[in-house]
Every structure is written in C-alpha cells, then in structure tokens.
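Dear colleague,

Please find below the structure that I am handing over to you. My notes on it follow, and I would ask you to read them with the structure open.

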Amino acid sequence: MDIRIITYESTSAAGINVRQLRRAIDTQQSGLSRNDLPGSSIDTWIGKVRGLEEIDLGPWQSRNNALADLAYRQGELEAIVESLKTQVGSHRVGVVMGSSTSSIDRTEQAYTELDDGSLAEKYRQAQVHNPDGPALFVAERAGITGPAVTINTACSSSAKAFATAARWLTTGIVDAVLAGGVDTLCLSVLHGFHSLQLVSSNPCKPLDRNRDGINLGEAAGYAVLVDAERNPQLVDRLRDGCSAASISLRGYGESSDAHHMSHPHPDGAGARNAMLGALTTAELNADKIGYVNLHGTSSRANDLIESKQVADLFPKARASSTKAWMGHTLGAAGITEAIICIDAMHRDLVPGTLNLDELDDGLELNTSSENTEMPLKYALTNSFGFGGNNCSLLFEKHQL
Amino acid sequence: MEKTDIPPLSIVGCGAWSPWFENWDAFVAQVSADELEEHGLKAPAASVIPGTERRRAPLPVKLAIEASMQACAAASMDPTQLPSVFVSGLGDTQLTDYMCRTLASENKALSPTRFHNSVHNAAAGYWTISVGCMRSSNSLAGYEVSMSMALLEAAVQANSEQSPILITFYDAPVAPVLQPLLHNRHAFALALVVAPATAADAADDSKTLGTLRLSSGVGQSAWPELGLPAPLKECYETNPAARSLLLAELLIHKNKDKPVTVPLSNGTSMALEIS
C-alpha cells in the first residue's frame, strides 16, 4: 500500500498550524491551561484553541465547525484541494472525517436557550445537530462533492478515517481523499469523562509513575491522500517536483477489545491485534519500526496496558505520548497524532513524552521527556477508543 | 457515465426489526400487505446482550444488536469472525436530550453509564462485547445518505479485505426537542451479512439470497419511491436507516439488469442491482 500524504495541517492548543506545532514541540512548550470553559467548574487542565468564538459560520455555526474551518484555512491545504478539484473533478474527491462530539456543543447551547420548550430559531440547524455534521460541513466548506462520511468510534475515529480513505482510494471510487478529524471542548465531554473519574486536576503526565488521569483537548486536522500506486502522475503533479522526502500510509490495523465500554482489555489483546494488523497489511517486520506514537492518554489503565504491548512488540523503537502538548483530543486524536508522526518523519525528530518525570514501574519503554533526533523510515501511531475500538497506522518515508 | 464497479457480493443473511415486524421473515410476509399491524413491543429482545447490561442498553443499541444477531444466525456465520459496519443517521437523540437537559440545569452531574452509552459507536461496542468479536468494527454517520454510504463502505471493505462483513442500519425515534429538525418517529433496524462472491459461492446457490452489484459514479439522483404500506413508507422517507427497505425490496423481487440509482453524495450516485 502506498497512500501518499500530499499535505497536512493541524490546529490544537499546541499551535494553530503545523509550523506552530513544530515550535511547541521544539521548545517543549505545552498548550494546556486551567479549565475555564464557561459553565464548568471542574478542576482540570484543558487544551483549548483560542479565537474560535469569533468565527461566524451562519447556518453552520457550532464550535466544532468553527474549529474545522480554522484548520482548513491553514498552510497550503485549501490551495491543494482546489488544485485537486480542478485536476480530477470535485466528485472524484472524498471526505472522511472522524469526530466524537460532532457539534453537540451547539446542541448543549441550544438547550440553554429553549423557547417554550422548543429550539429557538437560530438553532434550527438540521445539518449541525446530527452525527454527520463534520463531514457535511467540510464537504460544503471545501466544495467537495464526492462520497463524504463521518466516522464516530470515539477516540479512534480520525485514525480509522485513514483506513477508510485507503480502501476507497485503492478501490478507485475516488482519486483523492480529504481525511481528517475534529472535536471540541464542551460540557458533555468534560462532565462525561469527569463522571467516569478519568480526568486529572493536574496537567497530564503520560506514562509517569504519578499520573492520575487525562486532560481533554480540542483539535482539528486534515491530510490529503492519494494512492501513489494507482495515480503516480497525480501525486507528482500535486507535489510539483518537490524534492523533500515523501511520506505514505503503508499499513493499518483495526480491531475490537470485546471487553467493556469504558475500560480497555486488561491484557491489551485488542491493542496488540491492531498493531499486528498494521504490520501485516504493511508486510513489514516489527523490528523495522523506528518510532511509536502512543495513544498514551495518561490514564492509569491505558498507559500500563498499551506500554506492555508496545514494549513487547517493538523493544528497540523509540516511543512517546504527545498528549501533554494539547490534551486528549478524542475523535481528533487520530489525525492530530498521525500528523505528529508524519511530521516527525519529515524532520527526523521524535518528540519526547512531555511532562514525564519518572517512568512508571514496569513500563519498559524506550522513552524520555526529551526530543530525540534520529533518522526515521517507519513509524506507527495508536488510537484506542471507548467501546474497545482500536486503530494503528503505519507510515513510511520514501527518500526521493 | 464514468463509474466504478465494486466486485459482486453475495447476501447470505438478513435481520430486521421495526414496530411492525420482529424479524426478516415477518417483514417478507407483511411487505405486500395493504395494512400493517404493530406488534406492540417497545424494543427488541436483543438477547445476546448479557442480562445486567441489557436492562440499561439504549433503544438504538438494542435495535442494532437484534438485527445483527438475526442476520448472523440466518447466514449460519459465527459473529466472532465478522468485521462490522454500523450506521445510524441520527444517533441517539434521547441520550443527547438527557445530556443537554442535565448540562443546562444547576446539577450537571452526568450518569457515567449513560455517558459511555452516548457515544455514537455504542451499538458497535455492545455488539463486539456481547458476542466476543475482536475483529474490526466501524460506526458511521451519513445523515440522509447513511444507507448508501454504509453499504458502499462495507462493500469496499469486504472486497479489500476479502472477508464477509456484517452491515447494520439502525435509527430510533427522535427526542421531541429535535423532532422538528430530524423528523423520524419510528424505530427501525436492518442488517445484512455479505461476502465477496466467488465462483465457489456462486455454485452453492442455497447459501446466497442474492448477488449484490454496486457501482458509484458522477451524477445526482433521488431516492426511488417504494410502494409500501403507509406507515412503512413514512419510515422509509424519514428514518435514514430505513432507506435500507429499498435493499430489502430488491432482495425480494430482484432487479437483474435494471439497476436502481440512489443518492451517495452531492455529486455522486450509486447504482444497485440484486440478482
């Protein structure tokens, strides 16, 4: 499989775009801040994106759509999509978005302003108050008319978006996919995760002996994908003779824990299957993986269970969790961390596990809080969601 | 017309549930009736969900699980071996309503169970947990084109991975506050088990209920009108999952060499043929 990443952008608390994200990584500067979400008194830290309140989308208004819009305006993303539409036709471009909140932020707000028990006029937005809101908005915003769908599998959503995109591309139903994800901070997620006692009142510390819960964050991100085996000329035209290394999705693995809605499988069997699945579809041995970006939420359970499997499968790989930079961005975690992985490969720079002071006992991982310069050819990223829904993505760097 | 053909799939099992029929056979018996009778059950049994969980399982979850169980049994397939694609066009609006009401009030404490049940992939989660399936499961939303998008996604996956797959369409009545926007008043679920059609399968006719051919291509289309009894017709038109009634019709009557076109996206349509 050679699904080329033509361009990518990411907006999170760590930076409005990839350029700012790089700076945050290089300076080890976390974007987390104390929870100040209106209407919430939960004592925790969050990864909040600034400036979303100023964005006005008319009938598409929601915080989720505002963040999706902000991310879409970054870098060369919009220019590349426009170029694609001209070259292959807007109906030959697909949209696959991952999200778990899907604009419930707007529904929450609507319920605080009910007009005699009914939705007030400005909230009568059928295309926003439904779980496909993200793909509907992005297709409209980008003027893409090909197949569009929202994947909602909690925290694995926008990683699975890559798998779906890969299959659409190799089957030939579209020539390019705008794959991505978006999730925003809202009372549902804050109070929901709080009710499950998963949220920490401190900045999160993935993998740390003293970790005591997660921090929630919001993010949006996109990657433009083209099948280089089916469409090599399209890849070349879009990259316009760029001589930098090219990154592709080489494999993916998807699995289920079949255990519990909100606790991971205690032996990490599902996580293991997803990672093995990625190696199988990539036709690659585990010892080739140079870097693993962990799901690493900073929950007691996830980090222990995931680390055991990663240490067992990839003893020589460098590993890190990057969630202390922007928090756990839920349905957008997949795309956010895929982009971190891809960008790490471009720069041969592995981000450290920010906020790590003391690696927990029994976590035999090749990790530290420091960033590491090292040549990377293959990397893997994990996203594991509620309901035991797992996805691992394997990326390859081609030297040109 | 520029189009992409998906290699044919055998439909090997079906399941269904609605206020008017509790399974696929009951559906087939009634679909040509002039009048439908409601059986009076508020929710399906979904008996594969363990007792303690079943009591707290939301209606959309029960709908999806019931139809899925039936389809696997009809296909004589071990559910633990099947990857799955679940789709709900509207999500669990009763839980959305509960959460939004609670969060708009003074006491914002949410029930942890209801919170983890509110994820869109609750059905996929309950399914894989209840039957012990560790294969890939997906949970999609496609609003008004949920049926065609999920069918395409599952067909592409079955073909890419050369594996049989479970596809389940389900949508529940919309909570009152969101009703003016999202309309649906009916519970409905339909599930299919499909497998890539091979020469060997084609020879073994007893297993196959029909062969499904799909293609996607440029152009817009409208949902075809179906000659259904009144309440089912309304269901077909307002319940995104119930657009799968079209598949059921084609499966019963077949439309070999006369493909039917359905909306897929703003600029594409999907042609369906079941022979």
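I begin with a polar atom in the side chain of Arg230(A), which lies 3.1 Å from the backbone oxygen of Thr170(A). Please bear in mind throughout that this is a predicted model.

The next residue, Thr171(A), also has its backbone oxygen placed towards this side chain, at 3.4 Å from a polar atom of Arg230(A). Where does Arg230(A) lie in chain A? Arg230(A) belongs to the loop that runs between strand 8 (219–227) and helix 8 (232–239). If neighbours within four places in sequence are set aside, the residues in contact with Arg230(A) are Leu169(A), Thr170(A), Thr171(A) and Gly172(A). Arg230(A) counts as partly exposed because its relative accessibility is 47%, a value between the limits of 20% and 50%. As a point of reference along the chain, Gly352(A) is 122 residues away from Arg230(A), and the C-alpha atoms of the two are separated by 36 Å.

I turn now to the interface between the two chains. Chain A brings 64 residues to the contact and chain B brings 58 residues. About 4900 Å² is buried between chain A and chain B, and carbon and sulfur atoms give 66% of this area. On the side of chain A, the residues that lose the most area to chain B are Tyr111(A), Arg167(A) and Met261(A), which together make up 15% of what that side buries.

How many salt bridges are counted between chain A and chain B? The count is two. A salt bridge joins the side chains of Arg167(A) and Glu161(B), with 3.2 Å from N to O.

Several elements of chain A each supply at least two residues to the side that touches chain B, among them helix 4 (104–111), helix 6 (157–171) and strand 9 (246–256). Helix 7 of chain A gives the most to that side, with seven residues. Sorted by class, the side of chain A that touches chain B holds 24 nonpolar, 32 polar and eight charged residues.

Finally, the two chains are also joined through strands. Strand 5 of chain A and strand 3 (residues 137–141) of chain B run antiparallel and are joined by two bridges. Within this pairing, Thr150(A) has Ala141(B) as its bridge partner.

Notes
Residues numbered from 1 in each chain as written. Chains lettered and ligands numbered in written order. Predicted model: local features only at pLDDT ≥ 70, side-chain atom pairs only at ≥ 80, totals over all residues. Heavy atoms only, no water. Helix = DSSP H or I, 4+ residues; strand = E, 2+ residues; numbered from the N terminus. Buried < 20%, exposed > 50% of the residue type's maximum accessible area, 1.4 Å probe, protein only. Contact = heavy atoms within 4.5 Å. Polar contact = N/O pair within 3.5 Å; in protein donor to acceptor, adjacent residues only side chain to side chain. Buried area = accessible area lost by both parts, 1.4 Å probe. Salt bridge = Lys/Arg side-chain N within 4 Å of Asp/Glu carboxyl O. Nonpolar A, V, L, I, M, F, W, Y, C, P; charged D, E, K, R; others polar. Pairing = 2+ DSSP bridges.
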